Amino acid sequence: MAAPLAGAGQLDLPAAETAPESKPIVLPQRGQAQASVLREFGEPRARHAPAGGGSAQHPPITRWDYDGYSVFFERTTVIDVVTKGDPPPLSHVDELAPAQ
């Protein structure tokens, strides 16, 4: 005996959560020269003495601190920028696949 077909119903979904509005942050880019960083972002709040530099395999690394981020240089070239504070909240967490 066949089961009767269920009638079409209405599916109510909760409103989607949206990430908070934020302006894009402009930061120095990898490969940018120190002189270019100074022109574009101004004088850093603090400059730290170079670390390393004892050999070609260990070139001097310098850090400049700005409000909200630090810029790391290998000799006179940007190699990384690190922002301070908590990362922005994740969105669509329910769509992430578990690690394998």
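Predicted model: local features only at pLDDT ≥ 70, side-chain atom pairs only at ≥ 80, totals over all residues.
Phe41, Tyr66 and Tyr69 form one aromatic cluster, where rings of Phe, Tyr and Trp (its six-membered ring) are taken to pair if their centres lie within 6.5 Å. Residues are numbered from 1 along each chain as its sequence is written, and side-chain values use heavy atoms, with hydrogens and water left out.

The chain contains 1 helix and 4 strands, and from the N terminus on its elements run α-β-β-β-β. Helices (H or I, at least four residues) and strands (E, at least two) are DSSP runs, numbered from the N terminus. Of the 100 residues in the chain, 18% are buried, a word that stands for under 20% relative accessible area, whereas exposed stands for over 50% and partly exposed for values in between (1.4 Å probe, protein chains only). The chain exposes about 8,500 Å², and carbon and sulfur atoms supply 57% of this area, which was computed by the Shrake-Rupley method with a 1.4 Å probe.

The 4 strands form an open sheet in the order E1-E2-E3-E4, and the pairing is antiparallel; two strands are said to pair if DSSP finds at least two bridges between them. Strand E1 (46–47) and E4 stand at the edges with a single partner strand each, so one side of each has no neighbour in the sheet. Helix H1 (residues 34–41) packs on this sheet and touches E1, E2, E3 and E4, and the direction of H1 makes about 0° with that of E2. Contact here means heavy atoms within 4.5 Å, and the angle, on a scale from 0 to 180 degrees between N-to-C directions, is taken between axes that are lines fitted to C-alpha atoms, for helices over the stretch in contact.

Moving into the sheet, the reader can follow strand E2 (residues 61–66), which is joined by 6 bridges to the antiparallel strand E3 (residues 69–74). Isoleucine 61 stands opposite glutamate 74 in E3, and threonine 62 has phenylalanine 73 as its bridge partner in E3. E2 and E3 form a hairpin with 2 residues between them, and in the turn glycine 68 has a positive phi of about 95°.

Most residues other than glycine have a negative phi. Arginine 75, however, has a phi near 60°, a positive value in a residue other than glycine, and arginine 75 is partly exposed, with a relative accessible area of 47%.

Strand E4 (residues 77–83) includes threonine 77, which is partly exposed, with a relative accessible area of 32%. Leaving aside residues up to four places away in sequence, threonine 77 touches Gly31, Gln32 and Phe72. Threonine 77 and alanine 33 are 44 residues apart in sequence, yet 4.7 Å apart in space, C-alpha to C-alpha.

A pair of aromatic rings is described by the distance of the centres and the angle of the planes. The chain has 3 aromatic pairs. Tyrosine 66 and tyrosine 69 form a stacked pair, with 5.2 Å centre to centre and 15° between the planes; planes under 30 degrees apart count as stacked, over 60 as edge-to-face and the rest as tilted. Both tyrosine 66 and tyrosine 69 are buried. Elsewhere, arginine 47 lies over the face of tryptophan 64, at 4.4 Å from the ring centre, where a charge sits over a ring if NZ of Lys or CZ of Arg is within 6 Å of the ring centre and within 35 degrees of the ring normal.

Glutamate 43 is found in the loop between H1 and E1 and counts as exposed, at 53% relative accessibility. Glutamate 43 and aspartate 65 are 22 residues apart in sequence and 9.4 Å apart in space, C-alpha to C-alpha.
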